[in-house]
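Work through the exercises below with the sequence and the structure side by side, and try each task before you read its solution.

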Amino acid sequence: MTRDLTEITVVGEDDTGLIAEVTSLLFERSINIEDLDQAVREGVFRMTMRVDTSEMVTTEEKLREDLTDLGDDLGVDVQVRFPADRETQTIAVLVTKESHCLEALFEAWANGDLGADIEVVIGNHDDLEPLAAKYDVPFHDIGDEKGTPDEDQLLDLLAQYDADLIALARYMRILSPDVVFRYESRIINVHPSLLPAFPGASAYMQAIEEGVRIAGVTAHYVTTDLDQGPIITQRAFNVPDDATEEELQQIGQPLEAEALIEAIKLHLNDEVNVHRGRTKLRDPEETSAQLGAPEKLDQLNPDRPIDGLGEFVAEDDGEIEADD
């Protein structure tokens, strides 16, 4: 995300002419489109644009009003975020019942290490409301007795708090395209496996059943494809022999929190971007973030042999015979 560009998101039912209507309005106001991406999933249309409004022949208030009116005419929802809207960055956290990631986020925030304010916690159960209350953060329960979330209420809350980033702190529900499309590249999830291995539910148990020796966790951007969004950070750990699912959770949960916070910081500091489905650091030399395994692991791994660097090189065309 480039912070000096205005972000415009259009979401609604798919129909012909939507792109032309919006781009024409921008052209008439001398607004240059720097990036445009559009997609359709399950009948929901999404267009995300990053535009240069520095020389536009209108005001921010009037542009927002004109785009809202156009959206009403076309039957779509239009969101506009100007660079000034993002001076103080905020986070909305979605949770279910597991507390470890939310607790780590609150601790990082309280210590001044997060780089943003946690504006609201939204859950599909009310189990973590006391933890939010401890930090004086509003909590909203949008789930029914079975934990099924009311996505209309979720969308209303996300619009109300207008957070820069949505963090899924072990939110155990799949977000629909209606939500994901509105917050493209602004939702980060943490999953308890080394994706793309073991997506979906019960990832630690999948690791046990498959007999892997190394498991891990992954923080990634959320897309409409389950657990397939661009990977930001990962952590790995050894799987003990005969480990239970609960034992893997005890090993993995602190790493889940660490990977999620690292990914959030990278996003908020604009240190990572997405290109062709992969994340890349904007300036690797200036980033001290741990993206994967600790650097000390590189020192423990052998560095030879590799192809082309044999210890013995024949001085002639003859073959070297092994000793008897």
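**Exercise 1.** In this predicted model, find the residue just after α1 that takes a positive phi, and state the angle.

*Solution.* Go to the end of helix α1, which spans residues 18-28, and read on to S30, whose phi is positive at about 60 degrees.

**Exercise 2.** Determine which residues of helix α1 are buried, where they lie around the axis, and what covers them.

*Solution.* Begin with the buried residues of α1, which are L18, V22, T23, L25 and L26. They cover an arc of only 155 degrees around the axis, and therefore they lie on the same side of α1. Finally, look for what covers the buried residues, and you will find, among others, the strands β1 (6-13), β2 (32-41), β3 (44-52) and β4 (76-81), together with helix α2 (60-74).

**Exercise 3.** Classify the ring pair F106 and W109 as stacked, tilted or edge-to-face, and explain why.

*Solution.* Start from the total, which is 3 aromatic pairs. The ring centres of F106 and W109 are 6.2 Å apart and their planes stand at 35 degrees, so this pair is tilted. Then consider the positions: both residues belong to helix α3 (residues 100-110), and because they are 3 residues apart, about one helical turn separates them. As for accessibility, F106 is buried with a relative accessible area of 0%, whereas W109, at 23%, counts as partly exposed.

Definitions and conventions. Residues are numbered from 1 along each chain as its sequence is written. This is a predicted model: local features need pLDDT of at least 70, side-chain atom pairs count only at pLDDT 80 or more; totals for chains, interfaces and linings use all residues. Side-chain values use heavy atoms; hydrogens and water are left out. Rings of Phe, Tyr and Trp (its six-membered ring) pair if their centres lie within 6.5 Å; planes under 30 degrees apart count as stacked, over 60 as edge-to-face and the rest as tilted. Helices (H or I, at least four residues) and strands (E, at least two) are DSSP runs, numbered from the N terminus. Buried means under 20% relative accessible area, exposed over 50%, partly exposed in between (1.4 Å probe, protein chains only). The arc is that of the directions from the helix axis to the C-beta atoms. Contact means heavy atoms within 4.5 Å.
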